[in-house]
Amino acid sequence: MRIPTFSVPLLLPLLLGTLSPPAPANTSQVHERTLGNGLKVLVKEDRRAPIVTSQVWYKVGSSYEPSGLTGISHLLEHMMFKGTDKLAPGEFSRIIAANGGDENAFTGRDYTAYFQTLAADRLPIAFELEAERMRSLALPAPEFVKELEVVKEERRLSTEDDPEALTFEQFNAMAYEVSPYRNPVIGWASDLEGMQVTDLRDWYRQWYAPNNATLVVVGDVDPAWVFSLAEQYFGPLPAESISLTRGGGDPPQRGTKRIQVKAPAKEPYLLLGYKTTALGHASQDWEPYALEMLASILDGGSSARLSRELIRGSHLAASAGASYNAFSRLPGMLLLDGIPALGHTVEELEQALLAQVQRLRDEPVAEAELERIRNQLIAAKVYEKDSVYAQARQIGSLETIGLGWELMEQYVEHLSRITPEQIQAVARQYLVPESLTIAILVPQALASVDATASANLRGGLAHAGH
Amino acid sequence: MPDTNLLPSPLRVWLLFVCLLPLSPSLLATPSIDTWENSQGAKVLFVAAPDLPMLDLRVVFPAGSARDGDRPGLASLTADLLDQGAGDWDADTIAERLEAVGAELGIEAQRDMAAISLRTLTRESALDQALETLVQIISRPRFAPADFNRVRANALVSLNRDDQDPATLGQKAFYRLLYGDHPYAIDPAGTPASLAALTPEDLRAFHARHYVARQAVIALVGAITRPQAEAIAERITSGLGPGEPAPSLPPVPANASGNLERIHFPSTQTHVFTGQAGMTRTDPDYFPLYVGNHILGGSGLVSLLMDEVREKRGLSYSVYSYFLPLAERGPFLAGLATKNDQGPQARNVLIATIQRFRDEGPSQEEMEAAVKNITGGFPLRIAGNRKIAQYLAIIGFYGLPLDYLDRFNERVRAVTVETIRDAFQRRIDPSRFTTVIVGPAIIDQSQ
C-alpha cells in the first residue's frame with residue numbers, strides 16, 4: 001500500500017503497524033521536568049550505545065495556519081537553519097557535522113520538530129544551538145528569498161510531478177470543508193508565492209517559545225545531567241504568551257463526495273476516506289482504538305484482508321492499503337487506497353473495497369485476526385527499542401498532540417482490549433456513505449515519454465540507444 | 001505493491017555506503033564479529049546483542065540483476081516469488097505463520113545480490129516458527145504458475161508507475177546509457193517485454209543456480225548464543241544444494257567520451273543525472289574517493305554541491321553526488337531537480353562545481369571537517385541491530401577484511417587533500433560524463 005503522506009514528515013510512525021506496546025517498566029521509564037519558563041523536558045535512558053538523540057518539538061504545524069499563510073510552518077522550519085543573532089546561515093549545520101552528528105527537521109499537520117543525533121557526550125552542543133534558535137532567529141531577507149525558491153522546488157518535486165500525491169492533496173481539500181487538515185503541509189503554491197519574510201517573523205514570535213515546546217532526549221545519558229544542562233541552556237529563555245487555536249471542526253458531512261484528478265500518469269489510483277474521530281474527540285474513549293484495530297484487520301501486513309483477498313484471492317488489486325491515525329490533534333479520516341491489477345478497472349476496485357467495509361459492518365472479525373494483530377503490536381514494541389530516534393519521536397509526538405507521553409505506556413493495552421463487537425460498532429457508526437469521500441486519479445497521456453525517449457547523442461557511444 | 005525491484009535511491013545508497021563506517025575506538029569497541037563457515041560452505045557472520053529479546057537475520061546470495069543475462073527482471077521476479085508459496089505452504093499460510101508471531105520479512109534483488117532479511121522475537125516459539133518458514137522460503141519456493149502470473153502482472157503495473165515518475169525514469173536511463181552492454185545496465189525491475197517472456201521454469205532454474213549454500217552469506221545479530229547461531233546457520237542452508245561459484249562479472253569499460261540522452265516528460269521540473277563509472281567495493285582509491293565525495297556532495301546540508309546549488313542559488317531542493325560501490329565499478333552519480341527554465345543553469349553549476357573540485361581538490365579545512373564528521377559519527381551508524389546486520393552482510397558478500405570496521409577510522413584519517421585530488425583527477429572527468437535530462441522540451445542555451 002502506499003497512501004501519500006503529508007509532506008516531509010508525517011504521523012505514520014504512529015499508525016498501528018508500528019505502534020509500540022508497553023515495555024517492562026524498568027526500561028521504559030521517562031523522566032519529566034518542567035523548567036520555570038514552561039519548557040517541558042522528557043528524558044529516557046537507553047544505554048545500549050554511546051549515543052543520544054535530542055529533539056525539540058513545537059506545538060505548531062500546518063493545522064495551525066490561517067488561510068493565505070499555508071505552508072508557513074514548513075517554510076519557517078527551513079529558515080531555522082539560516083542563522084541567528086550569533087550563528088551565520090548554515091553554521092548550525094556545520095557545527096553539528098563537525099561533531100559527527102546527524103540532524104534534520106520535519107513539519108507535520110500538528111507539530112514542527114528539530115533533532116540531532118550524536119555521541120552522548122556532545123549533547124551540550126545540541127542544547128546550546130537549539131536554545132539559541134528558539135528565541136534568537138535572524139530571518140535575514142536575502143536568505144528568505146532563496147529558501148522560498150527551494151521550498152517551491154520541494155513542492156514541485158513532492159507534489160506537482162507526483163500524480164498520486166497530487167490526488168491526495170486534492171482529495172483532502174475536497175473531503176475537509178473547514179478543518180485545516182484540508183491544506184497541504186507544504187502549502188498551496190499561491191500562498192507560497194505571496195509569502196513575505198515579515199509573515200515568518202510574526203509566526204516565529206507567535207509560536208517559538210519554551211512554553212510552547214517539548215525537549216525530548218533519549219540515549220546514553222543520566223537524566224539528572226540532562227535536566228541540569230537543560231536548565232543551563234534553555235532556562236534563561238523568556239516565555240511567551242501563546243494564544244489558543246480555535247475552531248477546526250468540520251460540519252457533519254451529508255453525503256458521499258467524489259472527485260476526479262487528471263494528471264499525466266500511466267496507472268489510475270483510488271483513494272477513499274471516511275471522516276472519523278481521534279483520541280480526545282471521541283464520545284467513547286475506545287472508539288479510536290477500535291478504528292486502529294479495524295485498519296489493521298484490513299492492512300496489518302501480508303496476511304491481512306486486503307492482501308489476502310484483493311491482491312492474492314481475487315487478483316483485483318495490484319496494491320491496496322488502509323490506514324487510520326488515532327493520535328492526531330483534530331479528527332481525521334480512515335483511508336483506503338489502491339491500484340487495480342491488470343485487466344481490472346478502478347471501479348471494480350472501488351466496489352471491492354466498499355464490500356470489505358460492508359463486511360466489517362455486517363460480521364464481527366475473527367478472534368484469530370485480533371490475536372495476530374496483538375502479537376504484531378507486542379513484537380513491534382520490542383523492535384522499536386532498536387532505535388533511540390524512534391522512541392524519542394513517539395514521546396515527542398504524543399506530548400505535542402496534547403495526549404501526553406504517558407500514553408506510550410498504555411496504548412497497546414487499550415488496543416489489546418478491543419473486541420470484535422467494538423470494531424463492528426465503529427464500522428457501523430463511522431464507515432457510512434454519508435461521510436465518505438472518493439478520489440480517482442484519471443491518467444492523462446504521457447505520450448511524449450513513449451514517443452520521444454530516443455537518445456539524442458552528443459558523444460556518440462554505440463550503446464546509447466534502446 | 002512489490003517495491004523490491006526499485007533502484008537504490010540516494011538515501012539507500014547512503015545507508016549502505018556512508019554508514020559502513022568504523023567505530024572510533026575511543027568511543028566504543030567495534031562490535032565483536034564471530035565468523036565461520038557452516039558445514040555446507042556458507043559464510044556466517046555473527047554479533048551477539050543480548051539487550052533486546054530479538055534477532056535480525058540477513059541472508060544474501062549473488063543473485064541480483066547482474067545475473068539476469070538476456071532476461072531482465074529474472075532476479076527480481078525470482079526474489080518476489082520466494083514467499084508466494086514454498087514447500088507445503090501457500091502465500092497465505094506463509095504470511096500468517098510469520099505475522100502470527102510478529103516476525104517481519106523483507107526480500108529484495110539489487111544489482112549484485114538478492115537479500116532476504118528476517119526480524120523476529122527470540123522467544124523460542126516465535127523464533128522457531130519464523131525460522132522454519134524462512135528455510136522453506138529460501139530452499140523450496142514453488143514458483144507455481146498462478147502465483148507467477150499474478151506477481152508478474154503486478155510487476156508490470158509497477159513498471160508503469162515507474163514510467164510516471166521522472167526521477168525513476170531518469171535514473172533507469174542513466175544506468176542504461178552508462179553501462180551499455182555491461183550487466184549493470186539492466187534495470188532490476190526488467191521491461192514489459194522481458195517480463196512477458198519469462199516463465200516459471202526460468203525462475204526455478206535461476207533459483208537452483210544462484211540460491212546455493214556455498215555462495216550464501218548469513219549475517220546474524222541478536223539475543224542468541226554462538227551455539228544457537230551455529231544451529232540457525234546450519235538450518236538456513238539445510239535445503240540448498242552446494243552449488244558452484246557464480247562467474248565473475250566483466251569489468252566496466254571506460255567511457256571514451258561523454259554522451260547525453262534527453263527524455264521528454266510533462267513535468268514542472270527538469271531532472272538531471274550525470275556521472276560515470278565509479279569504484280568497486282575493494283577499490284584501491286576507495287577512501288580518498290569516499291572522503292572526497294563526502295565533501296563534494298555526500299554530506300547533506302554542508303556539502304559543496306548543496307552550498308552552490310541550493311544554499312547560494314536556491315535552485316533545487318535536493319542535490320547530491322555519490323559513489324555506489326559494487327563488485328565491479330558502480331556508478332558515480334550526481335543529480336538535482338529544478339524548475340524547467342532553470343535546467344541549463346542548474347546543470348552548469350553542478351558540472352562546474354564537480355570540475356572545480358576535481359581540479360583544485362578540497363581545502364584543508366573542508367577535509368578536516370569531513371574527517372571529523374565521518375569518524376565522530378560512527379557510533380550513530382552502528383547503533384542498532386538491523387544496521388549491524390546490514391554491514392555484516394556487506395563485509396561477507398564483498399569479502400572485506402574482518403577488521404574493516406576496526407581500521408576504518410585510521411584509513412579515513414590517512415586521507416589527505418593531495419590523495420583526494422589525485423584520486424579525483426585520475427577517476428573523475430566531467431568531459432566524459434554520461435548525462436540524462438528528463439523534462440519538457442526546452443531550448444537549452446548551453447548546448
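## A covered helix in chain B

In this predicted model, helix α2 of chain B, spanning residues 74–81, is mostly covered, with 8 of its 8 residues buried. The buried residues of α2(B) are B:L74, B:A75, B:S76, B:L77, B:T78, B:A79, B:D80 and B:L81.

Which elements cover these buried residues of α2(B)? Among them are the strands β6 (104–109) and β7 (114–121) of chain B. The helices α5 (145–163) and α8 (200–210) of chain B also belong to this cover.

## An open sheet in chain A

Chain A contains an open sheet of 5 strands, arranged in the order β7-β11-β8-β10-β9 with mixed pairing. Its edge strands are β7 (257–264) and β9 (317–323) of chain A, each of which pairs on one side only. On average, neighbouring strands of this sheet are turned by 15° against each other, direction ignored.

Within the sheet, strand β8 (residues 269–275) and strand β10 (residues 333–340) of chain A run antiparallel and are joined by 6 bridges. A:L271 has A:D337, in β10(A), as its bridge partner.

## Helices against the sheet

Helix α6 of chain A, formed by residues 163–175, lies across β7, β8, β10 and β11 (436–444) of chain A. The helix α6 of chain A runs at about 155° to β7(A).

Helix α10 of chain A, formed by residues 287–299, also packs on the sheet, where it touches β9 and β10 of chain A. The direction of α10 makes about 165° with that of β9(A).

Notes. Residues numbered from 1 in each chain as written. Chains lettered and ligands numbered in written order. Predicted model: local features only at pLDDT ≥ 70, side-chain atom pairs only at ≥ 80, totals over all residues. Buried ≥ 20, exposed ≤ 12 C-beta atoms within 10 Å, placed from the backbone. Helix = DSSP H or I, 4+ residues; strand = E, 2+ residues; numbered from the N terminus. Contact = placed C-beta atoms within 7 Å. Pairing = 2+ DSSP bridges. Axes fitted to C-alpha atoms, helices over the stretch in contact; angles between N-to-C directions.
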